[in-house]
Amino acid sequence: MEKIMQLTSDNGVVIFSKTTCCLCYAVNMLFNQLRVNPVVHEIDQDPEGREMEKALLRMGCNSPGVPAVFINGKLVGSTNEVMSLHLSGSLTPLLKQYQS
């Protein structure tokens with residue numbers, strides 16, 4: 001939990017991901033298309049990854065715990081929440097200060 005809090009407070013946009021997750025890839029590609037370069041933390045490459053995934057679930061991420069997207073230190077959610085925000089036009093304003 002501490003590592004999650006540190007990463008999300010130090011970086012504007014963070015995606016907790018797994019290297020083999022196609023939904024994680026899709027969310028990352030969406031952010032890249034929106035000209036945002038998020039910090040992507042691959043929890044399956046992290047020795048504390050299992051604990052991090054459990055912590056993300058406790059924080060309110062849907063199962064499975066990835067992708068978990070944080071903007072401005074706040075949990076936005078997983079693929080469903082991110083795509084819903086995008087389709088409604090609400091995602092871009094959240095990301096405006098992080099666009100290149």
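A: N11 counts as partly exposed, because its relative accessibility is 25%, where buried means under 20% relative accessible area, exposed means over 50% and partly exposed lies in between (1.4 Å probe, protein chains only). The model is predicted, with local features needing pLDDT of at least 70 and side-chain atom pairs counted only at pLDDT 80 or more, while totals for chains, interfaces and linings use all residues. Residues are numbered from 1 along each chain as its sequence is written, and side-chain values use heavy atoms, with hydrogens and water left out.

N11 sits in the loop between α1 and β1; helices (H or I, at least four residues) and strands (E, at least two) are DSSP runs numbered from the N terminus. Between the C-alpha atoms of N11 and I71 there are 8.4 Å, although 60 residues separate the two along the chain.

Both α1 (2-10) and β1 (13-17) are among the elements that cover the buried residues of α3, as are β2 (39-42) and β3 (68-71), contact here meaning heavy atoms within 4.5 Å. Those buried residues of helix α3 (residues 49-59) are G49, M52, E53, A55 and L56. They lie on the same side of α3, because they cover an arc of only 160° around the axis, the arc being that of the directions from the helix axis to the C-beta atoms. R50 and R58, on the other side of α3, are exposed.

K54 also belongs to helix α3, and its relative accessible area of 44% makes K54 partly exposed. The C-alpha atom of K54 is 7.4 Å from that of G65, a residue 11 positions away along the chain. After α3 comes G60, whose phi is positive, near 120°.

Elsewhere, the axes of helix α2 (residues 22-33) and helix α4 (residues 79-88) come within 10 Å and cross at roughly 30°; axes are lines fitted to C-alpha atoms, for helices over the stretch in contact, and angles run from 0 to 180 degrees between N-to-C directions. At that angle α2 is roughly parallel to α4, since angles under 35 degrees count as roughly parallel, over 145 as roughly antiparallel, 65 to 115 as roughly perpendicular and the rest as oblique. L23, V27, L30 and F31 of α2 meet T79, V82, M83 and H86 of α4 in this contact.
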